[in-house]
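Hi everyone, thanks for coming. Today I'd like to walk you through one interface, so please have a look at the screen.

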Amino acid sequence: MTYVGMPTPKETPQETMAKIAGTAAGMKVVIVGGGVSGLSAGWWLARSGAQVTVLDKGIVGWEASGRNGGGASHYQSPLFEEEQRMWPHMDELLGYPTEHQQERLVIAVSPKQLNQYHYLAKMNNDMGYRVDLLDGDQVRSMVPLAGDNCLGGMHYRFGGHANPQRSVQAYAWALQDLGGRIYQHNPVTGFETEGGKVVAVHATSGRHECDAVVVAAGPQIQGLMAKLGVVVPLAAARAEMIVTEPAPMMPIGGVDGNGLYGRQTLRGNLAYGGGPHEWLETFEAGPPARPSSPLTRNLARRVAELFPKAAHLNVIRSWAGIVENTPDGRPIIDRMKDPENVTVITMSGVGFGLSPASGHAVRDLVVDGQCSFTDIKKLSLSRFDGIGADWREQRGWQAPQAA
Amino acid sequence: MHLNNGTDPHAIGTKLPAPEARYDMVVVGAGPAGLAAALAGAGEGKSVLLVDENPIPGAAMGNDVPLLFGGRMTTATQSAVRMLETVFMSEPQLEAAMEAGVEVLLGTSAWGVYRNGPGMTGLPESVVALADKDRGWIVGYNELVLATGARDLAIGFPGWNQPGVMGAAALERLLAHYEAFAGKRILIVGSHDLALETALLARDKGVEVAGLVEVRSAPQGDAALAEAVRAAQIPFFLEDAPAEAIGGIDGVERVRLRSGAEIAVDTIVLAIGLVPSIELIDAMGGKRVLDGARGGYIPGENEGVTCVGDCAGLADTGFDHVEYRMEWARELGALSKPDTIVCQCEEVTRADLLGVQPPRYLERPAPMQARSLDTLIKDGPPNPDQIKRLTRAGMGVCQGRRCRDQVAMMLAMAADGPFGSVPLATHRAPVRPLPLRILADWEESEEMRAGWDVWFGIPTQWVPYRDIDTPREREHQTAIAEGWSL
Ligand SMILES: Cc1cc2nc3c(=O)[nH]c(=O)nc-3n(C[C@H](O)[C@H](O)[C@H](O)COP(=O)(O)OP(=O)(O)OC[C@H]3O[C@@H](n4cnc5c(N)ncnc54)[C@H](O)[C@@H]3O)c2cc1C
């Protein structure tokens, strides 16, 4: 189940589970937000013996976590090796299917794309992650839907993809099976602090006492943390995807390129996204709508170019999700100094794939105060200390209304 | 840190294109209501575009889009040219509309309506997205009239997932507009006005009607219509229901009723009810309301959009359509078996749906098997979109047309609530399944191409962690950013 192209892990996930069992016994943790980040953290904490309560304003995974591309190949992240170690075991550890599949192909239909992919391949090989370069014929033999326009590509001998909705539900159910509680339709409205700690979280379901809090509320983190006097710079944007009817199964479903990310699902559907995003205002109650736009047509075009042999397939749905972004596009995973029992996690648009590892990091911060398996200091909130109030304007990231 | 100096080249900005053409009025649907609206608009001197998706392409009909054709169309439907002629001849008002200056496009579906509003400001103006057999495009409008009619309501029972089980609206389409119905002898399910009218139409068109099955104790529709059916020697099977459709390789051959009676027919016509076609309204995020007397969910007030004809709601005769179909759903549910298919596209059985089980190509470990709709309901009211994602019911190529309504009814029953206590599964554009190559914008702007990025175009995002804050960081950023705008 390990990857050809990744360093061999020092420990099996099962050994890790045995090691953490009971380390947080009796600890009451309240998690704000039932997306993948909050649920994975909750699951890791429950595996450590904590009493976990997850509060979500709606249904688990209803925001970005249930609307994303399902990609799990974020080699740039310090969490990546841990993610790679965990994913192949997640079905077994959670007890529910996630549809996780290994490996990834990225294929080019223009010389510029091919150049870009060669650069990325080298960047990965330099890190010790194996990427094989492919010529057009090699791609065509591995990707039956590719066409004569394909110039070549690269084969990540690592990475992969999973079904976002199924995975979110798997985390949630596994958490419940460990005694964790999930309150849906339960927005958190405030915190009660005492002696530099949050002692209770207020939600529509009432007051939830806690020893520790994890704030994993996506774009809403900014408003929630402001209540605690902490500035978390975040900007929300809408991103869109389309999906076709099932195509014949390809040997590796994780194929993208041509300016798209996405995958062939285990059912055969081609689900792809990419292209321009729209910056939005963030509302405390969550997004009022998640509309898709005529960008559907530009996505359809790129999928048809990527897979000429699938161009006749029907598109059956489009959708949009709201992406949380930090000013540098990198996650924030950090335990606060004040209140000192609050941990913040937001993944800046790459949170699904990394979720098996991000939950582990949060567990470590909550229980031990530091991450046990990798250095995550460069993901701390303090890198944005003193960021100007106009950081969105400086980047052109403001919502158009405000422009 | 990477700054864009106040502009983000990868944001939507002004990249979405202006419409190819603009009309004072765009009318979707060329039935009587749409034609009347188009003629009225033209009479006022407006520029009017009238689109209608008929004749439906054979492939779509095979997927029961947009009506439940049940595989009972003749091969005539494979000839696009001939169908176009037949459809045109079947509606004399089409010619009148053209003479009045209306631009009429047949074989053209409207698959989306887009406008700025919550969560979207990037559109140059409100547009309707269209497609014909060759291409997709968008048009602008001042006034939008939706006259999209009503679609078939399907409720499953053992054997319903085979050719020969169809809907009343589909039968009407095949008989009255396409001259392409392949069946000879039919049994009609239901006895309200729709069922009675279907019986009389079929009889007039030379189709043998073996009877009408009614779950209640008396015919439900208009007394005069029921009398006309009786006068035509068409029997009613009252307090009865189809227990099983039995067939062979060409589909239905006979029906066994709950009472035990067996009837030889080649087609079972579901005429329990029609559902106003609110796909476009719902997909554009428009308002809708539930009105049992008008056929279920109907459009609410939506600025700039007028709904006319059946899509605005069925005629209110005081009959509660929702209560009636719920009664049928309970009865047909009781006659169903655990392995009775609910979602035909994804082959989801009743047991899988109620058990919230994943499709067969996935493992079902013990914890998974212990889950069910009951355990899910403990966490909050069931949401069809959530159930759909887990079971795949409604996720197929028919876009949930065959199972959306029965799933909604099943969920309401499972939650012990009335229909409407469970939210409606959302509709999403494209509201018709359309090939990638047709939807594709092959003439997109240079701005769109230049600004395209696979993700957000934030170069710092992709720098390997170990290279952050080192001299290599800048190198990666530059190389990565150069690769954008593919
Ligand atoms: C179209 C699209 C494609 C994507 N593709 C990929 C991909 O291929 N791979 C990848 O790794 N990532 C991808 N992403 C990004 C990924 O989905 C996110 O990074 C990830 O889901 C974030 O998870 P989260 O749990 O941090 O946040 P969210 O999913 O946003 O969850 C936050 C939760 O907090 C809840 N909440 C908010 N406010 C409150 C409150 N006051 N009280 C209680 N609860 C609250 C919300 O209801 C929500 O459920 C994509 C995203 C989108 C939109």
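Between domain 1 of chain A and domain 2 of chain A, about 2400 Å² of area is buried, with carbon and sulfur atoms giving 53% of it. Buried area here is the accessible area (1.4 Å probe) that two parts lose on being put together, summed over both.

This is a predicted model, where local features need pLDDT of at least 70 and side-chain atom pairs count only at pLDDT 80 or more, while totals for chains, interfaces and linings use all residues. Residues are numbered from 1 along each chain as its sequence is written, chains are lettered from A and ligands numbered from 1 in the order written, and side-chain values use heavy atoms, leaving out hydrogens and water.

Where do the domains run? Domain 1 of chain A covers 13-98 + 164-232 + 328-395, and domain 2 covers 101-161 + 235-325; the bounds come from an automatic or database domain assignment. Their C-alpha centres lie 27 Å apart. The contact (heavy atoms within 4.5 Å) takes 27 residues from domain 1 of chain A and 33 residues from domain 2 of chain A.

Now, how many salt bridges does the rule find across this interface? Two, counting a side-chain nitrogen of Lys or Arg within 4 Å of a carboxyl oxygen of Asp or Glu. As for a salt bridge by name, Glu63(A) pairs with Arg290(A), their closest N and O atoms being 2.8 Å apart.
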